[in-house]
Amino acid sequence: MFRKTLVNLVLVLVMLLTLGLSAVSAAPLAQEELSYTIKLGDTLWALGEKYLGSGFAWPALMAATNQKTIEDSTFAYIANADVIHPGWKLAVPSEEEAEAFMAAYDPDKPALLFGKRASGQLIVGSWWTAGGEAEGLAGMFRIYREKYPDVEIVNATMAGGAGTNFKAGLKTRLIGGDPEDTFQLHAGLEAESYSAEQYLEPLDDLYASEGLEAVFPADLVTMLKAYGGHYWGVPVNIHRSNVLWYNKAVFEANSLTPPANFDEFVTVAEALRAAGITPFVLGSKDGWEAGHIFEDILAGTLGAEKYNGLWTGDTPWTGADVAQALENFTMMLGYANPDHSAHTWDSAGEFLIAGTGGMMIMGDWTDGWFTSKGFTGYGWAPPPGTQGIFVALSDSFAMPAAASNVENALNWLKVCGSLEGQEAFNPQKGSICARTDCDPSLFNAYLQSAMVDWGQDAIVASVAHGAAAYESWATDYKDVLTLFVASGDVAAAQAGLQQACVDAGVCQ
Ligand code: GAL
């Protein structure tokens, strides 16, 4: 009865609530304990006093709990503030959140106490249109729809591997103030190319409230904060750039094993050629693929440490080893399909599936693509020289500062970081989880091998996919390699790579 009187009183004295909240000191829960399980004798009033600094803040507790139960049914639904039961799980907002809620709360409109189902749109930008990646994305959409059934997802994709077309369009939309609500962003230095401080929302608060820092490996966390010390995206995966895929039946028929070094590559390629098979399949149509393959050749020729040094200025681009890497690439190109400039990474992969091509170097989205095509006859190995090296990249989702549907975007980012989101996405995408707690049994043999390698290899950053260098440098690098594939001029390419490093301000 006494409680009821207080509850009624609060409806009248709402103007005083904010004052009351800031005046009394509370006992906030630690970030990782944002929930509370009701014990015998608890009242919302007393819990408001204990956790939010004032009993008057009970509506904030009720509203937070009723909001939370919409997406997580382990939380209670409180229909009547005076009727709560031991064992019920409450969501406890922070003092700031409670204050903000009480400032907006109007007792004449009690609907706010009962939670609001998310509605409207969620516009998701990415370049995931190929087999495997499209299915992975659809898997995350399914999880999102289960939680937020009233939100319409707009799948705003733009085809073009590695984001070649998507990234340019996104820049225009960001500058024009009309971006997607969330978009695909490589972990690492890529954030700089979107002037992150100006156009993106830092996600540090989300990381704190969702406890995300603890669920990703340290190497990845470092990569995520590489630009400006802030989190700009929530990672959904870890991809490997350096994989040599081969057609198992072709290799078996010719008694071949995948080449571990460049000399062996020649031997294997000669045998394939003699058998009438294109030894090395390649698509270079979109202008990034040569740069991708060459980063793996650089790692395989220079080793992990010297490869890293290329991006910090510690390894010169003018050295004999870089020239050797270009020679190695020349050798491989000599075994490639002559029509590579007409092919994308996936259309080139068709040669491998058909058994008219023997080997291909491409990131492990190829595993998702093969799977989506129902092709199981593929083998994998580190490209020449890269045993024990994992050339890594990670896809994350970011939120523009000008996103129209902020709540929906934040909910999307929570799904991106969640275990269920990552388990729905990665087995189809052909990547391993960014989280460390995914169930390995959901993944195929290739991906299980990638998990093992990620745990034991030297991790180096991919430049072709936004991790190792600023986008402007990465673009110059890729342009040099695209030109090289056409010209074959080693000296000119090496000079171009050095110039790109100078222009980036890293080399003298
Ligand atoms: C990468 C991206 C991968 C995959 C690939 C091919 O940049 O990180 O997720 O989409 O491009 O488009």
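The largest cavity first. It holds about 110 Å³ of space. Keep in mind that this is a predicted model. Fifteen residues, or rather 15 as counted, line the largest cavity, and Trp 127, Trp 128, Glu 133, Ala 162 and Trp 365 are the closest to its centre. By class, that lining is seven nonpolar, five polar and three charged residues.

Now the ligand. There are 14 residues around it, and Trp 128, His 186, Asp 395, Lys 429 and His 465 come nearest. Trp 128 has a polar side-chain atom 2.9 Å from an oxygen atom of the ligand. Trp 127 uses its side chain, with an N or O atom 3.2 Å from an oxygen atom of the ligand. Trp 127, Trp 128 and Ala 162 are among the residues closest to the centre of the largest cavity.

How many cavities of 30 Å³ or more does a search of the whole structure find? Three. Note His 186.

Next, an open site. The second largest pocket has a volume of about 280 Å³. Its lining has 13 residues. Nearest the centre are Thr 222, Met 223, Ala 461, Ala 467 and Ala 468. Nine of the lining residues are nonpolar, three are polar and one is charged. Which helix and which strand each supply at least two residues of that lining? Helix H10, at 218-224, and strand S15, at 458-461. By domain, at least three lining residues come from domain 2 and at least three from domain 3.

Strand S15 takes us to the sheet. Four strands make up an open sheet, in the order S14-S7-S12-S15, with mixed pairing. S14, residues 432-433, and S15 stand at the edges with a single partner strand each, so one side of each has no neighbour in the sheet.

Look at the S14 end. Strand S7, residues 237-240, runs antiparallel to S14, and two bridges join them. Which residue of S14 does Asn 237 stand opposite? Cys 433.

One last link. S15 is an edge strand of the sheet, and S15 also supplies at least two residues to the lining of the second largest pocket.

Key: Residues are numbered from 1 along each chain as its sequence is written. This is a predicted model: local features need pLDDT of at least 70, side-chain atom pairs count only at pLDDT 80 or more; totals for chains, interfaces and linings use all residues. Side-chain values use heavy atoms; hydrogens and water are left out. On a 1 Å grid over the protein atoms alone, a cavity is a set of points where a 1.4 Å probe fits but cannot get out, and a pocket is an open set with protein on both sides within 12 Å along at least five of seven lines; lining residues have an atom within 4 Å of a point. Grid points are joined across faces, edges and corners, and a volume is the space filled by probe spheres set on the points. Ala, Val, Leu, Ile, Met, Phe, Trp, Tyr, Cys and Pro count as nonpolar, Asp, Glu, Lys and Arg as charged, and the others, Gly among them, as polar. Domain bounds come from an automatic or database domain assignment. Two strands pair if DSSP finds at least two bridges between them. A residue is near a molecule or strand if one of its heavy atoms lies within 4 Å of it. A polar contact is a pair of N or O atoms within 3.5 Å; within protein, one must be able to donate a hydrogen and the other to accept it, and residues adjacent in sequence count only if both atoms are side-chain atoms.
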